[in-house]
Amino acid sequence: MFSILISRRVWVPAVLTVASLLCLMVYAQRPEKPVLIHYLASAKPVHLDRERIQTFVAKPGPPLSEEEATRLAERLSSYTKATLVRQKDPGEKLDSRLLFQNQKDPSATFDINLRTGEFLFNGGLAQYKKEEDTGRLPSSEEAARLASVHLEKLTMLPPQNELVLAHVGGVNMGLHRPDGSTSLYRKLVVVRYDRTLAGLPVLGDSRVVLRLAEGGSLAGLIRRWSPVEGRKVQPEELLADDVIEKSIKERLLAEGRTATSIVVKFTDLVLYDHGNGVIEPAIHVVADMHFEVPVMNGRSVGEIRRLDVPYDTFLPVLKNYKAKYPFMRNPEATKRVQSDQPVPLKERETPASETTAGEKSPD
Amino acid sequence: MKREVRFLKRGSRLVIFVGCLFLATSNIAVRAAGKEGGYAGTKDQGHDEVVYNFLKHFSYEQYYYARTFQFGDYNNQRVDAMDIAIFAGHGNQWFISTTDGGVDLSSVGSSLNWGWGDNNAEFVVFESCDVVPSPIEVSDWWTKWVQEPGGSFDGLHQALGFRTLSWQSTDQDITDDFGGRVRNNSGVWECWFDAINNQGRSDEMGSAVMYPPADGDTYYNFVADPPYNHQNLRVWYQY
């Protein structure tokens, strides 16, 4: 009897252990569940109108000289009463760009690309950091009107037939004070224009973004709007519809390999503006990918969080495309990234005391 | 001639001494170089490139696929060993998804290594959807950052991210743009918003929470670290 009990104490756990291991092995070797792709009605099958598609190339022109760029910086500074000084020794070497900054306000910037003439101007935000609303901020309608007035005055208004008012929003500041009180302050209004060409939306780089402050005055301006010339695409330059459809599916499966499901919302023909001086026809794919992620820390350990992740990408429709597409990855990025393992703490790496004023942060 | 050289040397020593005295008595810290770390939330969706496009502007220290311990129990050797750390991957409000599971950012302060900033970090950046909610999304936008225990702000200066969706067609350009501006010593949260305006879609909206005196920090010039247990927070957000 005693020997049977002992043997039970041995064989019961042994059998349970072996059974658990077998289950784990079977689970680990199960075939991966195929990802389901659902297409909403708005994601129409690709059917290119091959007689009416155009592609665009930036009009050739000489690059801006440093003097011209400096005059532009001075003009914007004078128009907005900003103070900007040419940064001749920036931390990072600039390729065909000039940078202007303000030592007293590190948010103030004028950064211009000499090759394309595209620029980002930020007149500085230091003056908007007080605990108060910015006075007389324009309404949305007024802001849109004032935006085009500013662009006209600066002779920077793009062709009206290419302009689309994309968004009127802004920038606000909120506070939570140590005594528990809170405040919200309206700071700036932002107007953004996107571009349209040949009846199609241009997605990618093209934009004009204005920041408006007190009384609608100009506080910032981004202008990326290279003049272009278009030409009709010959039908034989285009990929076949089924090839494009296949590339969409392949891309979705590649990017959503670990998703539980993918819902495709749009597969629209657009013009894609992303480098190399072209704005070319492409398919803009918009989808939702669903992932299930277990929480690994804190009070919610083990809880499964469902993430509905938006996904979008662009895929070429031209056989010989020139733009840089999101799927064209930089191999260096993947070559350099490392896998990581937790390392036990060493004494010197336990939490250090706070850095005191004037003390150099540990480097 | 020798006397002039000696005078100049004395003069330059005096300038250095006065400069050091100024820094020691002011609330400004300065560094010539910092430590940068990047953590990619997935292995097959291009988030490594999103991270790399930021890091490539520096001689960075860490570039890993993201794992939960980097943000939690071993953050003093990873995120909190850096001066600026960037994560790219999927997210939600106060939540990020790494290659071995999710991290609840409202609880990382309860980890073995506390939250971030008690060791080194000044800035943490999330190129992910929704991680930094603004007053538009939730009226209580601050508690989960600074609550004790749990909040990740334990000396951190600024946390940057999005209050809205962040799209994969633009994320690699936003981090590239941002990296160059940080390197050129622009205001950190200010150039995050500039990068979003310059590269993002019209529906991508940034959000940045910070210790108010650190509003105006650049990567190379920044105020003294906040205390680990403050409740004083500011948010800037685009809408």
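Of the contacts in chain B with a separation of 6 or more, what percentage comes from residues 24 or more positions apart? Please continue from there to the side of chain B that touches chain A.

Guide: This is a predicted model, in which local features need pLDDT of at least 70 and side-chain atom pairs count only at pLDDT 80 or more, while totals for chains, interfaces and linings use all residues. Residues are numbered from 1 along each chain as its sequence is written, and chains are lettered from A and ligands numbered from 1 in the order in which they are written.

The percentage is 77%; a contact requires C-beta atoms, placed from the backbone, within 7 Å. Chain B has six helices and twelve strands, taken as DSSP runs (helices H or I, at least four residues; strands E, at least two) numbered from the N terminus.

Contacts between the chains involve 87 residues of chain B and 76 residues of chain A. On the chain B side, strand β12 (residues 233–238) gives the most, with six residues. Strand β7 (residues 163–176) of chain A runs antiparallel to β12(B), joined by six bridges; pairing requires at least two DSSP bridges. Within this pairing, A:Met173 is opposite B:Trp236.

B:Trp236 is also in contact with B:Ala208, whose other partners beyond four places in sequence include B:Val235, B:Trp189 and B:Trp192. Both B:Ala208 and B:Trp192 are among the residues with the most contacts inside the largest nonpolar core, which has 142 residues. Such a core joins buried Ala, Val, Leu, Ile, Met, Phe, Trp, Tyr and Cys residues through C-beta atoms within 7 Å, where buried means 20 or more other C-beta atoms within 10 Å of the residue's own.

Terms used:
Contact = placed C-beta atoms within 7 Å. Buried ≥ 20, exposed ≤ 12 C-beta atoms within 10 Å, placed from the backbone.
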